[in-house]
Amino acid sequence: MCRSIKTLRPPVLPEEATEEEIRAAALQYVRKVSGFRAPAAHNREVFDRAVDVIAAATADLLDGLEVRGSAAVARKAG
């Protein structure tokens, strides 16, 4: 488990997750999986693309989650 990735849904996060928070979580995930804190120049494109794809998937997940007992409004894509 990536301990530096925080939960981005209510009730843990009282407000909707920002794009910045989602991207930070995606970056931490890619760093953990790849084993690189920062990629070499020849890996930069694939590293950045992975962060983009994971951030988009995370935003889709958060948009679709239904948290029972929470009055939180679903996150709107911006």
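By about how much of a helical turn are Arg-49 and Glu-45 separated in helix α2?

1. Arg-49 and Glu-45 are four residues apart in helix α2, so about one helical turn separates them. Their side chains form a salt bridge with an N to O distance of 3.4 Å; the term denotes a side-chain nitrogen of Lys or Arg within 4 Å of a carboxyl oxygen of Asp or Glu. Arg-49 is partly exposed at a relative accessible area of 44%, whereas Glu-45 is exposed at 61%. For these classes, buried means under 20% relative accessible area, exposed over 50%, and partly exposed in between (1.4 Å probe, protein chains only).

2. Basis of the values. This is a predicted model, in which local features need pLDDT of at least 70 and side-chain atom pairs count only at pLDDT 80 or more, while totals for chains, interfaces and linings use all residues. Residues are numbered from 1 along each chain as its sequence is written, and side-chain values use heavy atoms, with hydrogens and water left out.

3. Confidence. The average pLDDT (the predictor's confidence in each residue, from 0 to 100) of the chain is 84, and 82% of the residues score at least 70. Over residues 72–78 pLDDT stays under 50. For that segment the model has 14 contacts beyond four places in sequence, a contact being heavy atoms within 4.5 Å.

4. Secondary structure and surface. The chain has two helices and zero strands; these are DSSP runs numbered from the N terminus, with helices (H or I) of at least four residues and strands (E) of at least two. Of its 78 residues, 21% count as buried. The accessible surface comes to about 5,900 Å², and 55% of it belongs to carbon and sulfur atoms; the areas come from the Shrake-Rupley method with a 1.4 Å probe, and for residues only the protein chains shown count as cover.

5. Remaining salt bridges. The count comes to three salt bridges. Arg-23 and Asp-52 form one of them, at 2.7 Å from N to O. Because Arg-23 lies in helix α1 (residues 19–34) and Asp-52 in helix α2 (residues 44–64), this pair ties together parts that are 29 residues apart in sequence. Both partners are partly exposed, Arg-23 at 37% relative accessibility and Asp-52 at 42%. Asp-48 and Arg-44 form another, at 3.2 Å from N to O; both lie in helix α2, four residues apart. Asp-48 is partly exposed at 27%, as is Arg-44 at 37%.

6. Nonpolar core. The largest nonpolar core has 12 residues, among them Leu-8, Ile-22, Val-30, Phe-47 and Leu-62. Such a core is a set of buried Ala, Val, Leu, Ile, Met, Phe, Trp, Tyr and Cys residues joined through side-chain atoms within 4.5 Å. Helices α1 and α2 each supply at least two of its residues, and α2 gives the most, with five. In soluble globular proteins, nonpolar side chains tend to be buried together.

7. Which residues does Val-30 touch, not counting those up to four places away in sequence? They are Gly-35, Phe-47, Ala-50, Val-51 and Ile-54. Val-30 is found in helix α1 and counts as buried at 6% relative accessibility. The C-alpha atoms of Val-30 and Asp-48 are separated by 8.9 Å, the two residues being 18 apart along the chain.
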